[in-house]
Amino acid sequence: MTPPAVPAALHPVVAAFLADRTAVHAALERFGSPLHLVFPQVFDDNLAKLTGVLDRARCRSRIYYAHKVNRSAAFVRSAARAGIGIDVASGAELRSALEAGFTPDRVEITGPKGSSLLRAAVAAGVTINVDNLWELARIAELADTRVPVLLRLSGFPGSAPSRFGIDLGEVEAAFDLLARHPDRLALLGVAFHLDTASTQERVRAVGECLTVIERAYACGFTPSVLDIGGGLRQVFVADPAAYDAYDQALRAGLLGHGPALHWGTGSFGYHVADGVAHGTPVFHKYANTDSATDILTELLDAPLPEHGGRALSAVLADNLLDLWLEPGKALADRAGITVARVEFVKRAGTGATLVHLDLSRDTVTAADQEVLIDPLVLSEPGESAPAGVFFAGHLCLERDLVTQRQVRVTRIPDPGDPVVFPNTGAYHMDLSAATAAMHPTPPKVAVLHRDSRFELCDDEVWR
């Protein structure tokens, strides 16, 4: 038995590129393998869709592209050209944003920050999303003019504990610091970021933030921004039923009720007890079927119980509050792929077929995850003979299996065949790229579709 297929959701521009085998091979011949390809036009399309949702909601808003999801200069320049803001989380990202043409009023710095990063942010005159009371006090020490700040809040009832943000119980202490330094600290508003897909959890956080804003006004401050962070999801699978079918087959194999689709003792987060596979698999986020626009629309339309059940967007508009959000994954969704060549194919002692590639697992996914969408093998046309294979990496480590599950292929690939990993644009390209054994980091190349042709350009010089 071969495993069920789990086809990836592809943007039409990316699908057209992959259908043009000449373009794919030209990219590999020119830039080598493995190779990260980014598609700025897909980024622009994702941005337009989110902007459309905000426009229809009729509330004042600003989008900040979360730079950390991808180091791509093309994505940063696309964001700069579109006139949105950028969310940076390091000194290097701050320099990248300023070099791309962002003015300081369009840059927000988030995440935990030490003295050197705070010093750079203050010197640049950007907005600082403050993570804790120490940061707020340190900004006051470093500043010689008023620095725009947001207070990132945490500790919301019903939400999981977070290591980030100022707990709701410390808000008065933050107000005291702001009041002591009116010439150095300018409170723009409050912010939060929740690692959740739950609209109701976000609504509860919004309610708490609006209460804090009211308290701020009572203290003499004039905040005008509510920053709801990021967390908008991606859609990875083209067919949710295919995902479910593979998950069911995988669990059956773990229970010994069918062919084993897992390598070794891997269980993908499941644990077997009493004849049942329990737990939440590490690939559960890839089952998401709600687009970023649907998630954002649901949030903006959600009724706020403390405000007469009016929609969030209406409450913001009535109170002249600007909505800020920091999408990263949503803007890079389906806007990047990674391509590698097959080096050789071998049969393992277990009987499994291993397809060895010239990249490592860490090049395309975080080590603790498993991407439950199938890589695409771009073989030359030939007779179909479906099979299940494991894709293996080029590091001398047992853990370097690019897929720790069997993947369905239409036939066993040959050495030199390109293998495409879809939707690697958000985090997968840069979060944990391995450089062990002196293997170089794969280059990034921007792909532009123009006049029915694909133009390739080194990411760093794309304009």
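In these exercises, buried means under 20% relative accessible area, exposed means over 50%, and partly exposed lies in between (1.4 Å probe, protein chains only). The structure is a predicted model, in which local features need pLDDT of at least 70, side-chain atom pairs count only at pLDDT 80 or more, and totals for chains, interfaces and linings use all residues. Residues are numbered from 1 along each chain as its sequence is written, and side-chain values use heavy atoms, with hydrogens and water left out.

**Exercise 1. The annotated active site**

Task: Determine where C396 lies and whether C396 is buried or exposed.

Solution. Begin with the record: in an unreviewed entry, UniProt lists C396 as "active site". UniProt positions are given in the numbering used here, feature names are shortened, and annotations may be inferred rather than shown by experiment. Next, locate the residue: C396 sits in the loop between strand 18 (387-392) and strand 19 (407-409). Helices (H or I, at least four residues) and strands (E, at least two) are DSSP runs, numbered from the N terminus. Finally, apply the cut-off: the relative accessible area of C396 is 82%, so C396 is exposed.

**Exercise 2. The annotated lysine**

Solution. The unreviewed UniProt entry lists K68 under "modified residue: N6-(pyridoxal phosphate)lysine".

**Exercise 3. Two helix pairs**

Task: Describe how helix 3 packs with helix 4, and how helix 6 packs with helix 7.

Solution. Two packed helices are described by the angle between their axes and the distance between the axes. Axes are lines fitted to C-alpha atoms, for helices over the stretch in contact, and angles run from 0 to 180 degrees between N-to-C directions. Angles under 35 degrees count as roughly parallel, over 145 as roughly antiparallel, 65 to 115 as roughly perpendicular, and the rest as oblique.

- Helix 3 (residues 40-57) and helix 4 (residues 73-82) have axes 9 Å apart, at an angle of about 45 degrees; the pair is therefore oblique. Helix 3 contributes P40, F43, D44 and L47 to the contact, and helix 4 contributes A74, F75, S78, A79, R81 and A82.
- Helix 6 (residues 115-124) and helix 7 (residues 133-142) have axes 10 Å apart, at an angle of about 50 degrees; this pair is therefore oblique. S115, L118, R119 and V122 of helix 6 meet W134, E135, R138, I139 and L142 of helix 7.

Methods. Contact means heavy atoms within 4.5 Å.
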